[in-house]
Amino acid sequence: MKVEERPPAPQPEAEPEVAAKIPFGQRLRAWALQLLAPAISLLVAAVIGALVILVVQQSWGDVRDVAGAMWSYGLFNRNSVAFILGRATPLIFAGLAVAIAFKAGLFNIGVEGQYAIGALCAAWVGYQLSAPTFIHLPLTILAGMLGGMLWAAVPALLKVYRGAHEVISTIMMNYVANGVLLYLLSGALKDPGQRGAIAQQQTPQVESTAQVGSMVPFFNSIGFDFRGSAPLTWFFVLALVGAVIYALTVRRTRFGFELRVLGTNPRAAEPAGIRSNPMILKALLLSGAIAGLAGLQDVLAIDDRMKLDYIRGYGFTGIAIALLGRNSGLGIVAAALLISFLDRASTGIGLNTDVPKEVTYILQGVIILTIVIAYEIVRRMTARRQLKEQHERA
Amino acid sequence: MPDVLIQLFGIATIASALRAFVPLYLATLGGVFNERSGIVNIGIDGMMIFGTWFGAWGALQWGPVAGLVTAAVAGTLVALIHAVATVTFRVDHIISGVAINILAIGTPRFLSIVAYGQGTQSPQVPQLPTIDVPGLGAISPVVPLTAVLGVAAWFVLGRTVFGLRLRSAGENPRAAETLGVRVVVMRYAGVLISGAFAGLAGGYLSIELVGLYREGMNQGRGFIALAALILGNWSPIGAAFSCLLFAWTEALTVFLRVSWINNAFISSLPYIVTLIVLALFFRRVRPPKAVGQAYEAGSPV
C-alpha cells in the first residue's frame, strides 16, 4: 500500500507533548487501519462461508438465499433486535472476562466452567434465601461472581505457586465443573418438587426476589414491538455498565496500567515495582468474577433456575469476542453484537433455506482465525511504514 | 479389599487402560514434534476432533484403513492452518490454537448434518479386524502400530539429522539458521507431523474404540495430552510413561463407575489427576528453550 502525501512527522528531538499532537490525518489513517483488520476478516469469512455452501450444496442460489436470510431475518425480523441484544448480554460478560486476563497476558480458557459454577452458586442463593429484593438480588449476583472467582482461584494459585500453565489448568477445571454440575444437579441441589422418570436435572425455581425482569416492556414503551418472550433482560444494561467500568479500569486506573505493563512486557514489570504474582492472582480472580456474571441472565431472568444442559459455550465464544474486539470495552460490545447477530441469522438460515444453520459456526471459527492474522498483517504494514518514515527522515 | 486391588491392576483394567492409552499417546507424540520444533499447539484437541469426524466418515466411505488415513490427513490439513498462522504470520501460538479449537466445536456438527442428516452422531462404521493377544483378549491393530510409531518418533527425533535440525529450531532458532537449518521448514514439519498424529488419534477413537463418531467424544483428550507432554519431559519415551498414568486413571474411572460408586463426580478424576500432575511437576521439567517464540528468518536480533 503506497501513500503519497504524508503529513509532517513529529521530530524526534521535539518535546514529549508532540506525541499527543499527531496530525489528524495520520490519526484517521491509524483508525482506518484498525478497522481494516475486522473488515478483511469479515470479508474472508463471508467468502469461505460461501465456498463451503457451494461445495456442500453446489448451487449459487443457496449462497444467495443464505445471504438474504441472514440479512432480512437476522436484522429485520420482528424480534431480531431483542434477540441480538439479549443473546449478546452473556457474551459481553464472557468477552470482558477473557479480555481482562488477556490484558495481563493470561489466557483464561476456563470461563466456561467459571460461569457454570457461578450460575450454580447464584441459583442456590436464589432459591435458598428469602429476603427483600434489595438484599436478595445483590447477594445472588455476588454469589455468582464468587462462584466464578472460586473456580478461577484454583488455576490462579497453581500458576502463582506451582508455575502450572493456566491454559491447561483452566481447561481441566471446565471438565471438573461438568462433573460437579452433574453431581449436584442430580443430587443435593436437584429440585425435589418433581417426580418420575422424566425428572429434569435442575434446581428449584429461584425466589421472585432474586429474579431480574424482562426489558421488553421498556423497549416496547419506546416504540419497539417485541414479543414478550424475547430473551432481553435488564442484565443487558448491567453488561453495558460492565463494559464501561472495564474500559475505565484498564485505561484510567493504576491497576489497569499495571495489568497492561504485565501483559505487554512482563520483564519490565518487576523493575517498575509491579509484583507480577499478586497481579496474576488479581487478574485471574477478577476474570473469574466477571465470568460468573455470564450465566446469570439464564438463571435469574430466563429459565429462573439452573439446568443441567447448561454448558452453552459462552466461554469459548467469549475468547472469540475478546480477540475480535481487541480487548477494548467498546470493541467487545460490538463483537458480542456481531456474534449474536450471526446466532440470530442462523435461525433465519434454518427457517428459510436448505442450508444447515450450523454454517454460522464455521463463520465464527473463520472470523477469529482470520482476525488474528489480519491484525498481524495490519501491524506489519504499520511497522513497515514507520520504518520507511524513519529512513526518509534520516 | 484384595479383590478391589486385583481389579484395579487386573487384566481387565490393563486392557482398558491400553485402549485409552493409544489416542492419548498418539496425540502426545504429535505434541512432542511441534513443541520440539518451537511451536506450541493448543489446537491438538481440535485436530483430534476433526480426526474423529473424518475418521468415521472415511471409514464409512472406503473402509477402516482409509478412515484412519483420512483422519490423519484431516488433522494435517487443520495443522496447516495453525502452521500458516504461527510460523508464517507469527500469530500468538495460543491464540491460533484456541481458534482451531473453536473451529472444531461447530464445524463437525455442520459436517454431520450435511453427511448424515443429523448433527451429533454418525452411523456405525466398519472396524479393523482385531488381533488376539493371550491374556489381553482382542485388541485393535492400532495398538501395536502405536508402539511402533512411538519407537519411530524416538528414533527420528533423537537419532536422525532431521530430528536434530527440528530440535535445534526449537532450542535456538537463530543459531540453527546460521548453521544452515531452515527453521521455517522445520517448524512447518513439526506442526504438520503433530496434526497427522492428532488426526490419527482421533481416527482411532471414532473407528476403533467406539465404532462411530459422536459429538464431544474426544472429551478434552488433546489437553490431557498436553499435560502428558509436560510430565513426559517432551520426550517420546517419557510421554509413554506419563500417558500410561493418564490412561490408567481413565480406565480406573470407568471401573469405579461400573462397579463401585456410580457417582458423577468420579468422571472428573482424569482431569483432577491432570491438575495434580501439573501442580507437582510443571517446574521440574525443561521445555524446549525457544518454544512459543516467534522467529523471523533473517531478521536482525
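Residues are numbered from 1 along each chain as its sequence is written, and chains are lettered from A and ligands numbered from 1 in the order in which they are written. Because the model is predicted, local features need pLDDT of at least 70 and side-chain atom pairs count only at pLDDT 80 or more, whereas totals for chains, interfaces and linings use all residues.

**The contact between the chains**

Begin by displaying both chains. Here 38 residues of chain B are in contact with 37 residues of chain A; two residues are in contact if their C-beta atoms, placed from the backbone, lie within 7 Å. On the chain B side, α4 (64-88), α5 (93-116), α10 (221-231) and α12 (269-281) each supply at least two residues. Helices are DSSP runs (H or I, at least four residues), as are strands (E, at least two), and both are numbered from the N terminus. Select α5(B) next: with 14 residues, this helix gives the most to the side of chain B that touches chain A. That side comprises 26 nonpolar, 9 polar and 3 charged residues. In this count Ala, Val, Leu, Ile, Met, Phe, Trp, Tyr, Cys and Pro are nonpolar, Asp, Glu, Lys and Arg are charged, and the others, Gly among them, are polar.

**The nonpolar core**

Now select A:A94, A:V372 and B:L24, the residues with the most contacts inside the largest nonpolar core, which has 221 residues. A nonpolar core is a set of buried Ala, Val, Leu, Ile, Met, Phe, Trp, Tyr and Cys residues joined through C-beta atoms within 7 Å. A residue is buried if 20 or more other C-beta atoms lie within 10 Å of its own, exposed if 12 or fewer, and partly exposed in between, with C-beta atoms placed from the backbone. Helix α3 of chain A (residues 80-103) contributes the largest share of this core, 16 residues. Centre the view on A:V372: leaving aside residues up to four places away in sequence, A:V372 touches A:L323, B:A85, B:V91, B:I95, B:S96 and B:A99.

Select α13(A). Its 11 of 11 buried residues show that it is largely enclosed by the rest of the structure; among them are A:Y314, A:F316 and A:L323.

Continue to α14(A), residues 329-352. At 1.5 Å a residue, its 24 residues should span 34 Å, and its end C-alpha atoms are 35 Å apart, which agrees; the expected span is 1.5 Å times one less than the number of residues. Of these 24 residues, 17 are buried, so α14(A) is also largely enclosed by the rest of the structure.

**A helix pair in chain B**

Display α2(B) (residues 11-36) with α9(B) (residues 183-210). They pack at an angle of about 170°, with their axes 7 Å apart. The axes are lines fitted to C-alpha atoms, for helices over the stretch in contact, and angles run from 0 to 180 degrees between N-to-C directions. The two helices are therefore roughly antiparallel to each other, a description that applies to angles over 145 degrees. Residues of α2(B) in this contact include B:R19, B:L26 and B:F33, and those of α9(B) include B:G190, B:F197 and B:Y204. The contact divides into 15 nonpolar, 6 polar and 2 charged residues.

Remaining in α9(B), select B:Y188. With 21 C-beta neighbours inside 10 Å, B:Y188 counts as buried, and beyond four places in sequence B:Y188 touches B:A83 and B:V87.

**Individual residues**

Select B:E250, in helix α11 of chain B (residues 236-259). B:E250 is buried, with 23 other C-beta atoms within 10 Å. Apart from neighbours within four places in sequence, B:E250 is in contact with B:A20 and B:P270. B:E250 and B:V273 are 23 residues apart in sequence and 9.8 Å apart in space, C-alpha to C-alpha.

Most residues other than glycine have a negative phi. A:D304, in the loop between α12 (296-302) and α13 (314-324) of chain A, has a positive phi near 60° and is buried, with 20 other C-beta atoms within 10 Å. B:Q219, in the loop between α9 and α10 of chain B, has a positive phi near 50° and is partly exposed, with 17 other C-beta atoms within 10 Å.

Terms used
Parallel < 35°, antiparallel > 145°, perpendicular 65-115°, else oblique.
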